[in-house]
Amino acid sequence: MFARFVYMAAIGLLASFPPSAGASEREVRLDVVSLPLGEVVQTLSFMSGIPVTTVGTLSGKVEHWSVRESGAKAFVKLGDASNLFVAYDGSRIIIAPKQEVSTVVLDRGGRSWKTEQNAIRALFPLLPDDALREDPASGLVLVRGPAVFTKAVEDVLSRPQADSIKVIKGGQLEVLTTNNGA
């Protein structure tokens, strides 16, 4: 028990919290010898100041892994190493085991894919490369992720062409438009 306390205290000393940096920009430095995956996620959340929404069960151990990245990118690096879906919506991390995500097929409604993709990227600045795929011939979009992610993307794609979406990110109100001129 004492060794675990010393280890967690050492982890806390490795965190760097610049006073003017936002949570997604805080540098996280973490070296893991062997910890359960769920504890590594909790530690990254604590060190970065970014809340985490976990979908599914995070099982397994993280062995001999280290990270030195800004907050949200540290989660992406963990996701790459541990086969996790990781998306960041500007205020929280959505994380799920990749074997527990699903694929949803959506119609982009005749709107420009670039416009729709920009609206989705504004909502989720960081998301996996395989989370969004478009079939230009059919106008269909394949969305891969946990339900909370696919539902948010579906809400963006189902808006009327001249509609806007109000999103609060980091305490700031942002308005995203889904019209073809955006």
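A pocket, as used here, is an open set of grid points where a 1.4 Å probe fits, with protein on both sides within 12 Å along at least five of seven lines. This structure is a predicted model. Its largest pocket holds about 170 Å³ of space.

What lines that pocket? H3 gives the most, with three residues. Sorted by class, the lining has six nonpolar residues, four charged ones and one polar one.

Now place the pocket in the chain. Domain 1 covers 26-97, and domain 2 covers 98-156. Both give residues to the lining, so the largest pocket lies between them.

Next comes a sheet. Strands of a sheet pair through backbone hydrogen bonds, either parallel or antiparallel. Here three strands form an open sheet, and the pairing is antiparallel. Their order is E6-E8-E7. Strand E6 (102-107) and strand E7 (132-135) are the edge strands, as each pairs on one side only. On average, neighbouring strands of this sheet are turned by 20° against each other, direction ignored.

Look at one pair in detail. E7 and strand E8 (residues 140-145) run antiparallel, and four bridges join them. Leu-132 stands opposite Val-143 in E8.

Finally, find helix H5 (residues 147-157). H5 lies across E6, E7 and E8. Its direction is at about 155° to E8.

How values were computed
Residues are numbered from 1 along each chain as its sequence is written. This is a predicted model: local features need pLDDT of at least 70, side-chain atom pairs count only at pLDDT 80 or more; totals for chains, interfaces and linings use all residues. Side-chain values use heavy atoms; hydrogens and water are left out. On a 1 Å grid over the protein atoms alone, a cavity is a set of points where a 1.4 Å probe fits but cannot get out, and a pocket is an open set with protein on both sides within 12 Å along at least five of seven lines; lining residues have an atom within 4 Å of a point. Grid points are joined across faces, edges and corners, and a volume is the space filled by probe spheres set on the points. Helices (H or I, at least four residues) and strands (E, at least two) are DSSP runs, numbered from the N terminus. Ala, Val, Leu, Ile, Met, Phe, Trp, Tyr, Cys and Pro count as nonpolar, Asp, Glu, Lys and Arg as charged, and the others, Gly among them, as polar. Domain bounds come from an automatic or database domain assignment. Two strands pair if DSSP finds at least two bridges between them. Axes are lines fitted to C-alpha atoms, for helices over the stretch in contact, and angles run from 0 to 180 degrees between N-to-C directions. Contact means heavy atoms within 4.5 Å.
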